[in-house]
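The following report describes selected packing features and backbone details of the structure shown here. Please read it alongside the sequence and the coordinates.

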Amino acid sequence: MLFNSIEFAFFLPLVFILYWFVFNKKLRTQNFLILVVSYFFYGWWDWRFLSLILFSSMLDFLIGVELAKSENEKKRKALLITSLVVNLGFLGFFKYYNFFTQSFVDAFTFFGYQIEASRLNIILPVGISFYTFQTLSYSIDVYKRKLVPTSDWVSFSAFVSFFPQLVAGPIERATNLLPQFHKKRIFSYSKAADGMRQILWGLFKKIVIADNCAVFVNEIFDNIELYNGSELFIGGVFFAFQIYCDFSGYSDIAIGTARLFGFDLMKNFAFPYFSRDFGEFWRRWHISLSTWFKDYLYIPLGGSRNGLLMSIRNTFIIFLVSGFWHGANWTFIVWGGLNALYFMPLLLLNKNKKSQGIVSPNSFLPSLKDTFQILTTFIFTVIAWIFFRAESLSQAMLYLKKMFSKTLVSLPEKTPLLTLSFLVFFVVCEWVQRNREHALQIEDYQFNKPLRWLIYFSLLFLIVSFGGFQQKFIYFNF
Amino acid sequence: MRQFTKNILAFGLLSLLVLLVSIFVSKLLCSSLINTSISKEKNVLILGTSQLEGALNDKIITQSKNMAQSGTCYFYTYQKAKTILNSNPHIDTLVLGFSYIDISENRDNWFYGDKNIQAKMRNYFFMFGLTDYLDLLNGNTKAVLVNTPRVIINNLKLIFTGLNSLGGFKPLKRDRLLKAKANHEMEMATYPYKFNLSENEIKYLVKTYDLCQLKNVKVILLFTPIHPVLKSSQLGFHEGLCETYQQQLSNATFIDHSRYALADSLFSDLGHLNYKGAKAYSEYINTIGFSEPYKSCTPLIK
């Protein structure tokens, strides 16, 4: 079920009523309701893949129980390896089987050997990369004794399949989300109201900004040869906003929805396009994934503790793996590598943690220096996004070649002005609200009710009147 | 919690009410302010889909006004005919596109497909009667409900753009004939054409025809030239088309130019003339006029 669908508009209020008015007596029944509706939410897309989530949940639950019982380190390690192999095995099979097969064939062909390998017609289960990482974090944390495993199967399964964040995150840590299933949730008016505001803002980002940008971006990427450099540059900028608003819009809706049910999910985006360097960008972009890789890959690899060379190696590893996590295509790996390269100067100069906090906290406008840094970071990000969006490396190279031609400084013949005006409005809102959790967090402003409702209605009106063609969320592909 | 639920309900209902009132008011404004009048010198109205949109140049056929538009099924054509004929009593002839594909069930997608509803409904909404809206709603409830609020802004826009956004002659510059031939060959090998009639299309075609009968407007059904490759694969459909014509539209004149073998250079693809073809064809029509009786629906030589 998509957040931006009519079905969800009926599903959410119904679940809300059942949750707070019917199943509110016992915590266990409330958790059971979450489990059932989460499976229903997922099964709406394809019920067959529920078996995968169910299996994954049962396996990690049992492994957690066994890990708690055992003091034998060998057995504990074997249990952890089982969890890793099975979960990553599923992910590898469904997501990467065809990629690896094709890459082997290509490699052999390159060296003059013709081999044949059959490709399988595999459907990628929606959200597999997200819930796999979530259950893995549980097994690893229990193994490391950072988390006491749960003995409540319903809570654990509800944690794995919690519908607001099941298919596209934020990738929650068991240490944060699982304990919330163990204590009674109390309804908070202000939390629920802010949750609704965040949902509204998320829908605006997805339906008005991302889906409208998508129309222009798809046209440009499908017909690169027809457009000049400046139009291709605008196409790249539009894609940067499309992917940001698509994904962060999803996260906003997920976080807001969870808040309606009394849960706090982790922040996933913190106004990343106002970053002054790439260190800051990656602390603000897809935070739940970046910190997952930091905690479960970068630090176990040694992080920055073993000298500069090891730091560089580990940085490249996490960026390349992060790229590969997004999809089975060389374009994602190059995107990851490019971001690692962008990060290198900061690492070498030991300035990767230089830009902390929000930009220009005490003034309305950024300083010239900040503006320059923000724009430079953004432009480099756009270049990397071209690899992310392209179907193949050759398409990305063609795009860049045409973009960085003489026509880059010519006037674009085609600019979707309406979408551009939405973008300007969006950036201004985000800039003004950059010190908050989301751009529609307005309860501190002491606006009276009619004004607040007028703001909400205006956004709603933009959503129903100017929404682009309903598009799937991009991150459903990952 | 009850307060929260009450507030959400109140906000939801109020928003719904404001949206409904805005839809209604914008429809009224658009219906009364939009300029749908056509020059008095033009007594022939041309309606249909991309075939007619790209084939009949109304600057060459000077007595006509081409308001055909690509992707327009008979449901929208009927809305347009109703509105334009009402405000232009001097129009005495309606030329309507009429081909196999126009009345085949493939066209149902143009009636209630998601993308078509999104693309078309907002432009034609101000012309809808209640039964038309309910018909569409019945066809695809979800898409119609989602797209209904979008008509508010569009209705206001239409007041300024007038009929321009509802059709007009658009010559085709694209050259896709070779590719189309190859695709056609492949399609024929895998999915040979089937010809099942579309109830929706025929219903609104007949409604348009009845409207013209009522207003004493002569109806000309026009099958514009198509490429011989396409024609030869559709020969089996000829009877079905003629049956529809003879049984339900018998007072109309049916002009079948699809059997004309024209040069490849005049086609944009298998079903459409290009700008050169449009010029030649429009000049031809201008010379012979729409009034000449044609012996269509005679058996074709296979």
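The buried residues of α1(B) pack against α1 (6-22), α8 (189-222), α9 and α17 of chain A, and also against α8 (151-161) of chain B. Contact here means heavy atoms within 4.5 Å, and buried means under 20% relative accessible area, exposed over 50% and partly exposed in between, with a 1.4 Å probe and protein chains only. Helices are DSSP runs of H or I with at least four residues, strands are runs of E with at least two, and both are numbered from the N terminus.

This is a predicted model, in which local features need pLDDT of at least 70 and side-chain atom pairs count only at pLDDT 80 or more, while totals for chains, interfaces and linings use all residues. Residues are numbered from 1 along each chain as its sequence is written, chains are lettered from A and ligands numbered from 1 in the order in which they are written, and side-chain values use heavy atoms, with hydrogens and water left out.

The residues of α1(B) that are buried are Phe4(B), Asn7(B), Phe11(B), Ser15(B), Leu19(B), Ile23(B), Ser26(B) and Cys30(B). Helix α1 of chain B (residues 2-33) has 32 residues and should span 46 Å at 1.5 Å a residue, which agrees with the 46 Å between its end C-alpha atoms; the expected span is 1.5 Å times one less than the number of residues.

The largest nonpolar core has 238 residues, and those with the most contacts inside it are Tyr273(A), Phe98(B), Met121(B) and Leu221(B). Helix α9 of chain A (residues 229-260) contributes the largest share of this core, 17 residues. A nonpolar core is a set of buried Ala, Val, Leu, Ile, Met, Phe, Trp, Tyr and Cys residues joined through side-chain atoms within 4.5 Å.

α9(A) and α16(A) pack at an angle of about 55°, with their axes 12 Å apart. That angle makes α9(A) oblique to α16(A), since angles under 35 degrees count as roughly parallel, over 145 as roughly antiparallel, 65 to 115 as roughly perpendicular and the rest as oblique. Phe238(A), Phe241(A), Tyr244(A) and Cys245(A) of α9(A) meet Thr419(A), Leu420(A), Leu423(A), Phe426(A), Val427(A) and Glu430(A) of α16(A).

Two residues other than glycine have a positive phi, as tabulated below.

| Residue | Phi | Relative accessibility | Loop of chain A |
|---|---|---|---|
| Gln446(A) | about 60° | 70%, exposed | between α16 (417-432) and α17 (449-466) |

Terms used:
Axes fitted to C-alpha atoms, helices over the stretch in contact; angles between N-to-C directions.
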